[in-house]
Amino acid sequence: MELGGAFTIFLTLCLTCLILLIAWKRADKGGKLPPGPTPLPFLGNMLQIGYNKTYESLLKLHKKYGPVFTVYMGPRPVVVLCGYDALKEALADQGDYFNGRGEMPSVDRNFQSYGVAMASGERWKILRRFSLSILRDFGMGKRSIEERIQEEAGFLLEELRKTKGAPIDTTLYLSRTVSNVISSIVFGSRFDYEDKQFQTLLAKINESFTEMSRPWAQLYEMYSGIMKYLPGRHKYLYNLIEEIKEFAVQRIKISEASFNPQNPQNFIDHFLIKMHQEKNNPDTEFNTQNLITTTVNLFFAGTETVSSTLRYGILLLMKHPDVEAKVYEEIRQVIGPHKIPSVNDRPKMPYTNAVIHEIQRMTNIVPMGVPHVVTQHTHFRGYFLPKGTDVYPLIGSVLQEPKNFRYPNVFYPQHFLDEQGCFKKNEAFIPFSHGKRNCLGESLARMELFIYFTAIIQNFSLRSVVPLAEVDITHQISGFGNIPPPYQVCFIAR
Ligand code: HEM
């Protein structure tokens, strides 16, 4: 080899080492982090975590290192919390320290820390307070939104009747109806089920959630620093989310065109009023970026989580006809065949309530939680987490914790029933996360799940097209989210 060529290679190697060292140093914020597997420079704990089973790998490390440990996602240290006690101590007892939003490289470029779900600090506090108060004004957790859900459930039942018992994939059926509930709050109107633009949008939301959970996205969590400069699937996810944002922009324009500050009709109108009130404040958080991103956050989170849970729940009920039969019997006794289910019926229906809890536990929709970050230097269980340390609250480790659930990997509604068959609360039931930054839409989601499940089972029995032994309930993809497997089901009118 010529001397010049060898020198170039030597120089390139030196430069690469220097870049890796700088990246490593930048990630190292000092402190006394909890122990964990020894990381390799830059590669971090790739050897222990891999790239396609992050959650399962972290559970294995939990067995070895206990409830609180550190892993290196590439060059970045992340403190992992497992089990109810650790999550509670951090997210609830020390919630003021742990309530920042951690890095999510696969979507950070879309949101850039704007919007209620991705913001931290004062911005998050302001947007969270505002969003909650508007959602409550629109009846979240109250009777008015219940009527909206009941009406929407009625439209779903009509659609299911039209199938006349033929096998269907439930994905679009469920996402259309669920999305219309949050749409009426955020945009002030529902969409026609046949609306092609609406259908395309729902497909994009569904696809984005799936993409965020794929192995490439798990790899991206570790090596975004380099991967962002390379071609790949992350560009596709970026574009999908940008298209969803573009839809929000169009809806905001529609709201602006008919905007009457005396008579706000939806979430966007209320935000526009705030923008107007604070237009002379250069530091206001009521700006266009926060309006667009918060609209997307509510619409996305309000659609995908509930519809995925319903989709997986229907699969579980189809797989367990004995459970479905008991739910139907309780519906028959408490609600009867004609009355539309209402959340007032729930206290009288312990078995159905237990089944819905167990469905949510098994769905385990975001097993690793949504990343948090400590917003100030934090002492926790004898360790010292410098400001800016990312934290993964492993929600799944709580929902599958053997000390709280007798058969952690089995669909067993009795997890939520006592000896007398009364509903039994379990503090480890935290699918909505825990503490100050828990799910903003929890009460809406709980209403929706109850009304949809009971309305469906009141009107239809579920039939599988394949023998029950062949019905596979393993999640199709498991990453950031758990994605239910595809399946066909027949809705047989009762
Ligand atoms: C089965 C249904 C649902 C589940 C399991 C669920 C779960 C979660 C979880 C685990 C988080 C992360 C909390 C954290 O950072 O620790 C979250 C956040 C959030 N959820 Fe939900 N969610 C559901 C339904 C909904 C609905 C219907 C809405 C609509 C309003 C919604 C809106 C949000 C928002 C805006 C956030 C971000 C909150 C923040 O960062 O302050 N979710 N959800």
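Predicted model: local features only at pLDDT ≥ 70, side-chain atom pairs only at ≥ 80, totals over all residues.
pLDDT is the predictor's confidence in each residue, on a scale from 0 to 100. Averaged over the protein, the pLDDT is 93, and 93% of the residues score at least 70. Residues 17-27 are another story: their pLDDT is below 50, and beyond near neighbours in sequence the stretch has 11 contacts in the model.

Now for the ligand. It is surrounded by 26 residues, and the closest are Ala-301, Gly-302, Ser-433, Cys-439 and Gly-441. Sorted by class, this shell holds 16 nonpolar residues, along with 8 polar and 2 charged ones. Two helices that each bring at least two residues to the shell are H14 (288-319) and H18 (442-459). Helix H14 gives the largest share, with 7 residues.

Next comes the sheet. Five strands make up an open sheet with mixed pairing, and their order is S1-S2-S7-S4-S3. Strand S1 (68-73) and strand S3 (100-101) sit at the edges with a single partner strand each, so one side of each has no neighbour in the sheet. Elsewhere in the sheet, S4 (residues 372-373) and S7 (residues 390-393) pair in the antiparallel sense over 2 bridges. In this part of the model, His-372 stands opposite Val-391 of S7. Packed on the sheet is helix H4 (residues 83-93), which touches S1, S2 (76-81) and S7. The direction of H4 makes about 130° with that of S7.

Technical notes
Residues numbered from 1 in each chain as written. Near = placed C-beta within 6 Å. Helix = DSSP H or I, 4+ residues; strand = E, 2+ residues; numbered from the N terminus. Nonpolar A, V, L, I, M, F, W, Y, C, P; charged D, E, K, R; others polar. Contact = placed C-beta atoms within 7 Å. Pairing = 2+ DSSP bridges. Axes fitted to C-alpha atoms, helices over the stretch in contact; angles between N-to-C directions.
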